[in-house]
Amino acid sequence: MRIVIAGGHGQIALRLERLLSARGDEPAGIIRKAEQGDDLREAGAEPVLLDLESATVEEVAAHLQGADAAVFAAGAGPGSGAARKDTVDKGAATLFADAAVRARVRRFVVVSSMGADPAHKGDDVFDVYLRAKGEADAYISGLDALDWTILRPGALTDDAGTGLVRLEAHTGRGAVPRDDVAAVLAELVDTSATAGLTLELVGGSTPVSVAVKSVAGN
């Protein structure tokens, strides 16, 4: 499978690219800075230089042509202000989804956030972030041309992955290693039976593949 990942140099994306490459898929990661390319190549991914904050739908769709799936794993990141939550966490996500529709890439997986809600109250930057993520999720889930799955991890850690998770519509708060988020994404990309689901993810006791099969109904 050729899988195009927005936010290709992110911590989860690089882990996902390694997993996909190791199993024989062809990941491509969208990056904003040319100097990030070597890290993607080292992970087994093709770097695609493109700024999702300024690109047009047509430009993004051109890079999605022929892909089997798309993963939105971009984010403005910690330390960014409220304005970039709107342009990246919401704007880039909806642009990437529109481009997938244009390129006829049906399988679309989103890395969202636990607590994402378009009606979230508050004016702190994190409140703006949760609103932006929620608005993006709401937009994407309304696109009939996509077989979308929205993944909402809990608090992210850099602990080594355990391969054991809790993946449900509602898990309650909890932490999860980025390794395990990437492992779940790799399974979700392959499991179109999870289309139409919004799933929360925290550490747990169920092997990743079993957890994904369970929510997919097998």
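## Basis of the model

Residues are numbered from 1 along each chain as its sequence is written, and side-chain values use heavy atoms, with hydrogens and water left out. Because this is a predicted model, local features need pLDDT of at least 70 and side-chain atom pairs count only at pLDDT 80 or more, whereas totals for chains, interfaces and linings use all residues.

## The sheet

An open sheet of mixed pairing is formed by 9 strands, in the order S3-S2-S1-S4-S5-S6-S10-S8-S11. Strands are DSSP runs of E with at least two residues, and helices are runs of H or I with at least four, numbered from the N terminus; two strands pair if DSSP finds at least two bridges between them.

Strand S1 (residues 2–6) runs parallel to S2, and 5 bridges join them. Ala6 has Ile30 in S2 as its bridge partner. Of the 6 residues of S2, 5 are buried, so this strand is largely enclosed by the rest of the structure. Here buried means under 20% relative accessible area, exposed over 50%, and partly exposed in between (1.4 Å probe, protein chains only).

## Strand S8 and its partners

Strand S8 (residues 164–168) pairs with strand S10 (residues 197–203) in the antiparallel sense over 4 bridges. In this pairing Leu167 lies opposite Leu201, and Glu168 lies opposite Glu200. S8 also pairs with S11, again in the antiparallel sense, over 2 bridges, with Val165 opposite Thr206.

In a regular strand the side chains alternate between the two faces of the sheet. The covered face of S8 holds Val165 and Leu167, while Leu164, Arg166 and Glu168 belong to the uncovered one.

## Helix H5

Helix H5 (residues 125–141) comprises 17 residues and reaches 24 Å from its first C-alpha to its last, close to the expected 24 Å. The expected span is 1.5 Å times one less than the number of residues.

Buried residues of H5 include Asp127, Tyr129, Arg131, Lys133, Asp137 and Ile140. The buried residues of this helix pack against strand S4 (69–72), helix H4 (82–103), strand S5 (107–111) and strand S6 (147–153).

## Two buried residues

Gln36 is located in the loop between S2 and helix H2 (37–42). It counts as buried because its relative accessibility is 16%. Leaving out residues up to four places away in sequence, Gln36 touches His9 and Ile31, where contact means heavy atoms within 4.5 Å.

Val176, in strand S9 (residues 175–177), counts as buried because its relative accessibility is 0%. Val176 and Val202 are 26 residues apart in sequence, yet 4.8 Å apart in space, C-alpha to C-alpha. Beyond neighbours within four places in sequence, the contacts of Val176 include Pro153, Leu156, Val181, Leu201 and Val202.

## The largest pocket

The largest pocket has a volume of about 1,100 Å³. Of the 41 residues that line this pocket, Ala73, Ala74, Gly75, Ala76 and Gly77 are the closest to its centre. A pocket is an open set of points on a 1 Å grid over the protein atoms alone, where a 1.4 Å probe fits, with protein on both sides within 12 Å along at least five of seven lines; lining residues have an atom within 4 Å of a point.

Helix H1 (11–22), strand S2 (26–31), H4, H5 and strand S7 (155–157) each supply at least two residues of the lining. The lining divides into 19 nonpolar, 12 polar and 10 charged residues, with Asp, Glu, Lys and Arg counted as charged, Ala, Val, Leu, Ile, Met, Phe, Trp, Tyr, Cys and Pro as nonpolar, and the others, Gly among them, as polar.

Terms used:
Grid points are joined across faces, edges and corners, and a volume is the space filled by probe spheres set on the points.
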